[in-house]
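Let me put the sequence and the model up, and then I'll walk you through a few parts of it.

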Amino acid sequence: MTANKDLLQIALTASVHAGKAILQIYYRDNSIKELKEDLSPLTEADIASNAIINDYLMKTPFPIISEEAKSKDYSVRETWETCWIVDPLDGTKEFIKGNGEFTVNIALCKSGKPILGIIYVPVLRELYYANVPEKKAYKTILDTKHEPITSFFSDQDLIISSKKKSNKVKVVGSRSHMNQETMNFIAKLKDENKQVEIVSKGSSLKFCMVAEGKADIYPRFAPTMEWDTAAGQAICSAVGLKVISKDTNKILTYNKKRLLNPHFIVRP
């Protein structure tokens, strides 16, 4: 295997084991919708997932930026050419609602660009992963024991982005963060005589929908952090899609001084 595939295999294993740990808590607490103010099951799931991921990634040469780990000062981080960016539980509102639309996100970034990405959907046992330099992204379905039904990196699991040209535009938006700016964006599409269909989805699954061709565009005009988007951007980049800053029209970059992302659009 290449170095990237070896690293991707480590991250794949980490994401699946983290997802299994999250599910133990998710299914144990059947009253997720009635979480106490301290959100204890959610916090427990976050911590459990983060600990497992760290155990795996710390065996690699690269440092970790994680939502659950206090970020190093930029004077330290700016020396990191390559680093992991991790969200151990993306889609907290979806976890609380009990709708299953939450994910484990792991990305490896080099010189500010995602080169590997993994998104695991524990409830559905769907594993998305990408090797950006090879321009390959995959979706592998796991069995009830969270083992792959086919081998990883199988050609039959390759994600092929749709290149269709149509007047119909399927816009995927956040299930929890639809706002007026997004509605204005959709209205503009309609003004261009586009037939717009809106699909709501939680967490980083929105990136996956665009990558798979189940949606055409994903506008995100609300705050996100680097760990919310790095893995999804890797998967989209591998199939030829772009994650563009709304303000600068440039590709999103990572390990910035401020880990807050600008508003962005995922598109061909």
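One term before anything else: buried means under 20% relative accessible area, exposed means over 50%, and partly exposed is in between, with a 1.4 Å probe and protein chains only. Housekeeping too: this is a predicted model, where local features need pLDDT of at least 70 and side-chain atom pairs count only at pLDDT 80 or more, while totals for chains, interfaces and linings use all residues. Residues are numbered from 1 along each chain as its sequence is written, and side-chain values use heavy atoms, with hydrogens and water left out. When I say H or E, those are DSSP runs numbered from the N terminus: helices (H or I) of at least four residues, strands of at least two.

Let's start with helix H5, residues 180-191. Which of its residues are buried? Thr-182, Phe-185, Ile-186 and Leu-189. They cover an arc of only 95 degrees around the axis, so they sit on the same side of H5; that arc is taken from the directions from the helix axis to the C-beta atoms. Over on the other side of H5, you've got Gln-180, Lys-188 and Asp-191, which are exposed. As for what the buried residues pack against, it's strands E7 (168-174), E8 (195-201), E9 (218-220) and E11 (264-267), contact being heavy atoms within 4.5 Å. Just past H5, Asn-193 has a positive phi of about 65 degrees.

For pairing, DSSP has to find at least two bridges between two strands.

Going through some of the pairs: E2 and E3 are antiparallel over seven bridges, with Asp-90 opposite Thr-103 in E3. E3 and E4 are also joined by seven bridges and run antiparallel; there, Val-104 stands opposite Tyr-120 in E4. Their hairpin has two residues between the strands, and Ser-111 takes a positive phi near 55 degrees in it. And seven of the eight residues of E3 are buried, so the rest of the structure largely encloses that strand.

Last stop, Ser-71, in the loop between E1 and helix H3 (74-77). It counts as partly exposed because its relative accessibility is 33%. Setting aside neighbours within four places in sequence, Ser-71 is in contact with Ile-65, Trp-227 and Leu-259. Ser-71 and Leu-259 are 188 residues apart along the chain, and their C-alpha atoms are separated by 9.2 Å.
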